[in-house]
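Here are my notes on the model you sent over. Have it open while you read, and go through the points in order.

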Amino acid sequence: VIAAPAGGPAAGESDPPDVVLDADFNADGRGDLLQISRRTDGMAIARQWLASGSGFSGGEPVVLGAWLTGTRYLVGDVDGDGRSDLAEIRQAPGGPATVHTWLTTGSGLWQADRSLLRAYPADTHYTLGDTNGDGFADLTVHEPLADGSSRFSVWQRDGSEFRLSVSQDTPWEDLTDSVWLAVDVQADDLSDLVVVQRDPSRDANSSDSSTWLTIRDGRSQGISGQGLGLWAQHVALLASRSDGRDDLLRIWRDDQGALQVTLWRGEDDSVVAAATSPLGSPRPAQQFLAADVDGDLLGDIVQLWRDGDGRSVATVWRAVAGASGTQYGKQAETILGRKSDQAVWRLHDHDGDGRADLLASSRDAGGRPQIEAWLSDGRGFAGQTGWHNDLAWFDADFNGDGRRDLLQIDHRADGQAIARQWLATSDGFAEGDATELGGWHVRTRYLTGDLDADGRSDLSTIRQAADGRVVADTWLVVGGSLLHTGRSDLGIYRSGGEYRLHDNTGDGLADLLLFWQSGNDASSLTLWQGDGRTFGHLSDRQAYGADLLQATRLSLDLNGDRRTDFAAVQRAPWLDARFSNWSTWLTTWQAHADGSWRVAEQGIGFWEQHVALLAGSTTGDDRDDLLRVWRDDQGDLQLTVWRSNGGSFDDAGTSHLGTARLEQQFHAADVDGDGDSDFIQIWRDQQGRSIASTWRAVQAGEHFHYEQRTEVVLDAAGDATRWHMNDHNGDGRADLIGTWRESDGRAQVGVWHSDGSSFVGQNGWLTDLAWFAADFDADGQDDLFEVGHRSDGMAIGRQWFATAGGLTASDAVELGSWRAGSHYLPGDLDGDGRSA
């Protein structure tokens, strides 16, 4: 509950309603609020409410002056410091309007200056946004004129006041029922103004131009107009922030009465329809909001409505980027309870985790203003019950023993990100130390790698601050725990890029690599060299005509120089996906010690047949190869080996895999320990069970093919399982590890060890049993030496002595940890005639 302003009792129902505006007063990325109220003595009071983990904390009330009906209040960054300020527009009857500027300081709002405007009609619309890119919010005025036309005026902020910059008259504009949106349609970081309304000169039931959109472009200052569809079908127009630009979402009813949403994206001086998605049947008392609910940088839709019991319900429609444009799919529905009809709903990031939360401002039974918040959990607004879906797992080796451990990142109830080590043992995993990493944020990236060349995995976290600057924090493993050891300011980069931690320069220390979209037709690679604690900028490289973020990207060593290279595969849009063998376009980037790259390109098949691309080593040499999964003309899966020749890849053979499987995913790893990557397909059968199918790599001359070995039912895995392939028990063979959540929220890890051909639980490795001929007692008879693989991972040796009746066993001896690549060679080492 937000308290009433000082100096009087709580407002009654007959008093003017409070004005509540979205803001960010401390530049922390959380959505704050500005409350403006009429005090009992007739004064207008402003109060900042800063978002906190437990709700909002109120600042000191500031007297703005006498309450004047019709005063407009706008929030924006007027002085370019990244914090929200207040522009208060007052106009006495018959006189000119005046802008009172209130800047945010450490102690609250401070009146900085006044700017005299013109006399504007009462139905004039005002917006605040940066129209010229100088970092200061400008004032855009849209006023109706006496002759039926309208005028756009821009009052630019010069640091101390607003000055008239431009006035532009436009044809008729009936502003009575118009909707205004201050947006960045052209993705140029400038504020554009769009207005949607009915064109009364056109038939609302038959003319696609009857829903008329006017755009004032901030960069060109030009004004354009276009139709969006039938006005009779129009429901709402929203602005949706996606990938650094604002799209327009038009919600409308089709001929059957069902709801549809069309995404309109900026192109030159207009907008074009990109895709349309169904939203189902209309709901009672519905309204729509748009914001990024799941933190993937795409704007989602929230539909608010009332059920038959009078309860407010929030339905989330998630935006998903696809080849045919952004589509919207229904996610969770959250019952919010009975809310006032006068409740004002808003979406903004309240808890600072990078996801939009749902807030409602209203009055309680006593007339007191109140704010209620429902935190996003990535699917709906049930964050108060926990963030089970935010659990993440990463591969690592924290103790340098060659076994692959796990790093668990969890979102704790108090909003903190918690890192916990899970160390691989012969029986599973042992829980290690937990470390608080700071506030959890959906777009924080967690990267494991050896930062200081000590043979152990460390952690680097990448976070973009509210001002756009990217910060990398390093956490080294010290004494079994993660210790914060450094911070690097990486600069300002466009959101949505991908960071990777590898040794690209070959000095043994992990470097940081960023793939990002630097322009509409170009991608960039930025490399920072690691020194063990921090990262320093080393190089930049652009790739024109490529979109690396939409490509499949693989880290590998394609020339065996122990520097991490990478490969990217995507469709070549200038080639026919069905008939061109080069339409699946492969680009390889070879890293050099100075941070430069050698780039090579080639085609590897028809894009229409492409399924997946994996990195592996089919030859057992120091160079990594590629495995491409594709569909033939009959729809069966095929696997082609592309062997590295040090600079590019050669076709080295194709194997038939059979029909596609349900929910299939593919992995390449050395299951049998022979140095070649085998192929693993994980899928679900009709009973919902997870199945692992294994194919073994076989070399035939210069070519390779894959032979199917076994299929194993993995009964213990949950529905949303993430699968890892790595050597869990240190025997030189890749094991299968699954991580998932139980229905009660408990985190689970399942381990299936490789026995050389398939995956087993803790039942032993009978196929690893080996026998060797020897003569241990120099009696001239052939004895045997048995080497077994015990269930605890140890290699066990046992002598069998030849007797008249057969063989007699001796005591067993532990030989150390069993490894697939170990060789056992009996022979007379000391010349005494007996085998050792």
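Predicted model: local features only at pLDDT ≥ 70, side-chain atom pairs only at ≥ 80, totals over all residues.

1. Residues are numbered from 1 along each chain as its sequence is written, and side-chain values use heavy atoms, with hydrogens and water left out.

2. On secondary structure, the protein chain has 60 strands and zero helices. Both are DSSP runs numbered from the N terminus: helices are H or I with at least four residues, strands are E with at least two. The C-alpha trace spans about 120 × 60 × 60 Å along its principal axes.

3. How much of the chain is buried? Of its 836 residues, 53% are, with buried meaning under 20% relative accessible area (1.4 Å probe, protein chains only). The accessible surface comes to about 35,800 Å², and carbon and sulfur atoms account for 47% of that. Those areas come from the Shrake-Rupley method with a 1.4 Å probe.

4. Charges next: there are 70 positive and 131 negative ones, and their mean positions lie 6 Å apart. Lys and Arg count as positive, Asp and Glu as negative, and His and the chain ends are not counted. Each charge is placed at NZ of Lys, CZ of Arg, CG of Asp or CD of Glu.

5. Now have a look at the open sheet β6-β7-β8-β9, four strands with antiparallel pairing. Its edges are β6 (72-76) and β9 (108-116), each pairing on one side only. From one strand to the next, the twist averages 25°. Two strands pair if DSSP finds at least two bridges between them; axes are lines fitted to C-alpha atoms, and angles run from 0 to 180 degrees between N-to-C directions.

6. Within that sheet, β8 (residues 97-105) and β9 pair antiparallel over eight bridges. To find your place, look for Thr 104, which stands opposite Leu 109 in β9.

7. Further along is another open sheet of four strands, β37-β38-β39-β40, with antiparallel pairing. Neighbouring strands are turned by 20° against each other on average, direction ignored.

8. Inside this one, β38 (residues 511-519) and β39 (residues 522-530) pair in the antiparallel sense over seven bridges. Gly 519 stands opposite Ala 522 in β39.

Methods: Buried < 20%, exposed > 50% of the residue type's maximum accessible area, 1.4 Å probe, protein only.
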